[in-house]
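I opened this entry to look up the fold, the core and the ligand surroundings. My notes follow in that order.

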Amino acid sequence: MAKKKKSSNYPEPQRLTFPEAEKTLPWLSMLLDSYILADKAIHASVDAELKKGRRLACAKGCSTCCATHVTIPVYPLELAGIYWYAMEGLTGDAFHIIQHQLAQFHPGAGCPFLVNGGCGIHPMRPLACRHFNVFDTPCGVGEDPFFTRRKDVLTPDEKGKDKALMAMLPYHGITDRAEKRETIKKGLIHNTVKNLQEIEWVKLAQRMGVR
Ligand code: SF4
Ligand code: SF4
């Protein structure tokens with residue numbers, strides 16, 4: 001008898017759409033295409049671990065990582081997505097809380113997009129946040145399990161990471177397939193990365209205006 005495949009009930013990611021905005025913002029479609037490539041690869045990697053019997057510790061409301069990590073790489077296209085979402089996508093309390101946190105932000109203060117234990121810009125959270133997944137035990141306060149228990153941190157699929165980054169390259173004027181491959185192979189896109197903590201978030205708070 002054929003062995004039954006173990007299933008994990010881990011939901012498949014779906015590409016997000018912002019139909020109206022995507023009509024006029026081609027870079028937004030590019031970013032969402034990149035994110036679904038990353039999410040699918042991450043899903044496959046996490047699912048493989050779950051099928052081995054591991055448990056994903058990351059869950060809604062668990063956010064020590066967002067409050068304490070001070071090195072979160074952000075690529076230029078991702079930054080455009082964050083700016084757009086903060087100005088156009090946020091509503092209600094989340095808008096006001098994030099605007100206040102951006103205005104008050106100082107390096108070392110934790111992520112300014114953390115709202116009530118959740119990511120306030122979840123659709124636009126950067127690749128670094130998507131890739132960071134921890135198994136079995138939630139992070140302790142101040143703990144970075146990458147250093148304390150590396151075996152519990154997901155090792156994202158490199159091909160999936162590369163595909164997601166490659167999908168961002170037209171934003172930098174790189175459209176030729178061979179040139180894209182070369183750019184990824186040489187890691188040149190990493191030269192464009194910034195640390196989320198180094199951004200002058202007060203400027204975004206100002207651009208968000210009054211509501
Ligand atoms: S990385 Fe750690 S703190 Fe963040 S959601 Fe996962 S278990 Fe929770
Ligand atoms: S962008 Fe969202 S997921 Fe990433 S650190 Fe900030 S609050 Fe957490």
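I counted 10 helices and four strands in the protein, which is a predicted model. Reading from the N terminus, I wrote the order of elements down as α-α-α-β-α-α-β-β-α-α-α-α-β-α.

I checked the overall dimensions next. The C-alpha trace spans about 65 × 45 × 30 Å along its principal axes. Of the 211 residues, 25% count as buried. I also took the contacts between residues at least 6 apart in sequence, and 75% of these join residues at least 24 apart.

I then looked at the largest nonpolar core, which has 39 residues. Ala38, Tyr85, Ala86, Ile98, Ile121, Ala164 and Met168 have the most contacts inside it. Helices 2, 3, 4, 5, 6, 8 and 10 each supply at least two residues of this core. Helix 2 gives the largest share, eight residues. For Tyr85 I set aside neighbours within four places in sequence and noted contacts with Leu90, Ile121, Pro123 and Met124.

I turned to the ligands last. Around ligand 1 I listed Ala57, Cys58, Cys62, Thr64, Cys65, Phe132, Val134, Pro138 and Cys139. By class, this shell has eight nonpolar residues, one polar and no charged.

Ligand 2 is surrounded by Cys66, Ile72, Cys111, Phe113, Leu114, Cys119, Ile121, Arg125 and Cys129. I sorted the shell of ligand 2 into eight nonpolar, no polar and one charged.

Conventions: Residues are numbered from 1 along each chain as its sequence is written. Chains are lettered from A and ligands numbered from 1 in the order in which they are written. This is a predicted model: local features need pLDDT of at least 70, side-chain atom pairs count only at pLDDT 80 or more; totals for chains, interfaces and linings use all residues. A residue is near a molecule or strand if its C-beta atom, placed from the backbone, lies within 6 Å of it. Ala, Val, Leu, Ile, Met, Phe, Trp, Tyr, Cys and Pro count as nonpolar, Asp, Glu, Lys and Arg as charged, and the others, Gly among them, as polar. A nonpolar core is a set of buried Ala, Val, Leu, Ile, Met, Phe, Trp, Tyr and Cys residues joined through C-beta atoms within 7 Å. A residue is buried if 20 or more other C-beta atoms lie within 10 Å of its own, exposed if 12 or fewer, and partly exposed in between; C-beta atoms are placed from the backbone. Two residues are in contact if their C-beta atoms, placed from the backbone, lie within 7 Å.
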